[in-house]
Amino acid sequence: MGFATDAIHAGQEPDPTTGAIMTPIYATSTYVLPELGKNKGFDYARTVNPTRTALEANLAALEGAEAGTCFASGMAGISAVMALLRSGDHIIVSRNVYGGTYRLFEHVLKQFGLTFSYVETSRLEEIESALQPATRMIFIETPTNPVMSLTDIAAVADICHRESRICVVDNTFMSPYFQKPFQFGADIVVHSTTKYLNGHSDSIGGAVLTRSPEHTERIRFVQKSAGAILSPFDAWLVLRGVKTLHLRMECHERNARKVAAFLDAHPKVKRVMYPGLESHPQHELARRQCTGFGGMISFLLKNYEEAKKFLDRVKLCALAESLGGVETLICHPASMTHASVPAAEREKIGIAEGLVRISVGVEDLDDICADLEAGFSAL
Ligand code: LCS
């Protein structure tokens with residue numbers, strides 16, 4: 001089936017009891033056994049819930065995975081992936097991953113004997129020189145949050161598969177509508193469903209997509225054992241959100257291309273980071289690897305003071321963490337999403353004090369640009 005048909009139907013059948021076209025929210029903690037020693041495929045809802053199962057099958061279809069496994073947040077999903085590793089293992093990570101991912105790796109997982117190298121994964125030679133005998137995983141975010149640097153997934157998968165290393169791609173920014181990492185050889189794809197997949201800023205969730213039975217079995221085992229499951233209500237919200245993913249992504253991108261051009265031409269803006277601009281250092285890779293450029297843009301103002309004046313003036317663009325909702329969200333990565341990255345490190349990776357990130361929504365383009373213009377008038 002095509003992407004839109006899968007987005008609307010995959011994993012979902014009319015309810016066998018009533019014919020209800022929408023998957024019910026199975027609000028239950030347990031299931032009654034017909035007799036001792038038998039069950040109907042359901043025993044306890046931490047292990048399995050039909051609403052969650054529908055979403056897991058739906059996301060697996062969209063990413064072209066063997067299986068999907070859903071978690072209470074994107075971070076819970078990433079934590080489950082890291083449980084594939086053992087003490088002593090080394091992981092190479094895109095150097096400007098989402099600040100929460102950095103915090104999990106540096107301040108939680110390091111104490112269990114994992115070691116991490118943060119490198120500019122868009123430069124393959126940096127990956128090659130960071131490789132160690134103990135390297136078991138390369139974890140990339142492409143594009144990265146927030147500086148929009150792209151990594152060549154196929155090349156990283158090749159480096160991984162020279163030895164039995166796991167290639168993990170955080171596909172939150174592009175969504176499977178614009179980027180399908182498994183087509184380029186990735187082993188595991190992770191998502192914060194909080195963002196584009198749900199799309200309506202009303203749920204926190206995460207998903208891990210796997211394509212080998214070994215990974216699927218282990219991730220499912222961690223889901224049930226650690227227990228950070230997605231609730232049936234949140235699973236239902238994401239199922240509903242995904243039905244319009246293709247429509248929303250088209251509109252996010254249409255608006256974002258215009259907003260990027262508007263910002264690029266603006267005299268108050270020092271630099272715009274958007275993969276759809278020819279000036280973007282990995283524009284050619286974006287054309288090869290993605291079927292669109294997405295809805296996320298970062299741009300540079302002179303300094304913190306300018307960023308504050310701008311962000312305090314905009315109104316329609318909501319000053320908030322998160323991204324991927326239908327409404328335009330705007331933020332200051334250095335003090336918000338990436339505050340847990342030390343200042344010296346932030347400066348090194350381009351998260352300057354004057355950097356502003358926009359998640360371009362699906363409102364009327366003219367209204368978004370007028371609001372940004374009002375922000376610039378404060379400078
Ligand atoms: N991966 C990426 C690329 C993200 O941007 C985020 C959250 C996560 C994983 C974690 O997902 P969560 O646990 O929040 O569902 N990014 C955020 C951001 O940029 N602002 O607020 C959260």
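The points below concern the domains, the ligand site and the nonpolar cores of this predicted model.

1. Domain organisation. The protein chain is divided into domain 1, residues 3-242, and domain 2, residues 245-376. Taken over C-alpha atoms, the centres of domain 1 and domain 2 are 25 Å apart. Contact between the two involves 44 residues of domain 1 and 42 residues of domain 2.

2. Surroundings of the ligand. The ligand is surrounded by 17 residues. Asp-170, Ser-192, Thr-194, Ser-322 and Arg-357 are the closest. Classified by residue type, the shell holds nine polar, five charged and three nonpolar residues. Domain 1 and domain 2 each supply at least three residues to this shell.

3. Polar atoms facing the ligand. For Arg-357, a polar side-chain atom lies 2.7 Å from an oxygen atom of the ligand. In the side chain of Asn-145, an N or O atom is 2.9 Å from a ligand oxygen atom. For Glu-321, the corresponding distance between a side-chain N or O atom and an oxygen atom of the ligand is 3.4 Å. On its own the ligand has 480 Å² of accessible area, of which the protein covers 93%.

4. Largest nonpolar core. In soluble globular proteins, nonpolar side chains tend to be buried together. Here the largest nonpolar core comprises 66 residues. The members that touch the most others are Val-81, Met-82, Ile-91, Phe-105, Phe-116 and Phe-139. This core lies between domain 1 and domain 2, because both domains give residues to it.

5. Val-81 and its partners. Which residues does Val-81 touch, when those up to four places away in sequence are not counted? The partners of Val-81 are Met-137, Val-168, Ile-188, Val-190, Val-208 and Ile-219.

6. Second core. A separate nonpolar core contains 28 residues. Among them are Leu-285, Ala-307, Phe-310 and Cys-369.

Definitions and conventions: Residues are numbered from 1 along each chain as its sequence is written. This is a predicted model: local features need pLDDT of at least 70, side-chain atom pairs count only at pLDDT 80 or more; totals for chains, interfaces and linings use all residues. Side-chain values use heavy atoms; hydrogens and water are left out. A residue is near a molecule or strand if one of its heavy atoms lies within 4 Å of it. A polar contact is a pair of N or O atoms within 3.5 Å; within protein, one must be able to donate a hydrogen and the other to accept it, and residues adjacent in sequence count only if both atoms are side-chain atoms. Accessible areas come from the Shrake-Rupley method with a 1.4 Å probe; for residues, only the protein chains shown count as cover. Ala, Val, Leu, Ile, Met, Phe, Trp, Tyr, Cys and Pro count as nonpolar, Asp, Glu, Lys and Arg as charged, and the others, Gly among them, as polar. Domain bounds come from an automatic or database domain assignment. A nonpolar core is a set of buried Ala, Val, Leu, Ile, Met, Phe, Trp, Tyr and Cys residues joined through side-chain atoms within 4.5 Å. Buried means under 20% relative accessible area, exposed over 50%, partly exposed in between (1.4 Å probe, protein chains only). Contact means heavy atoms within 4.5 Å.
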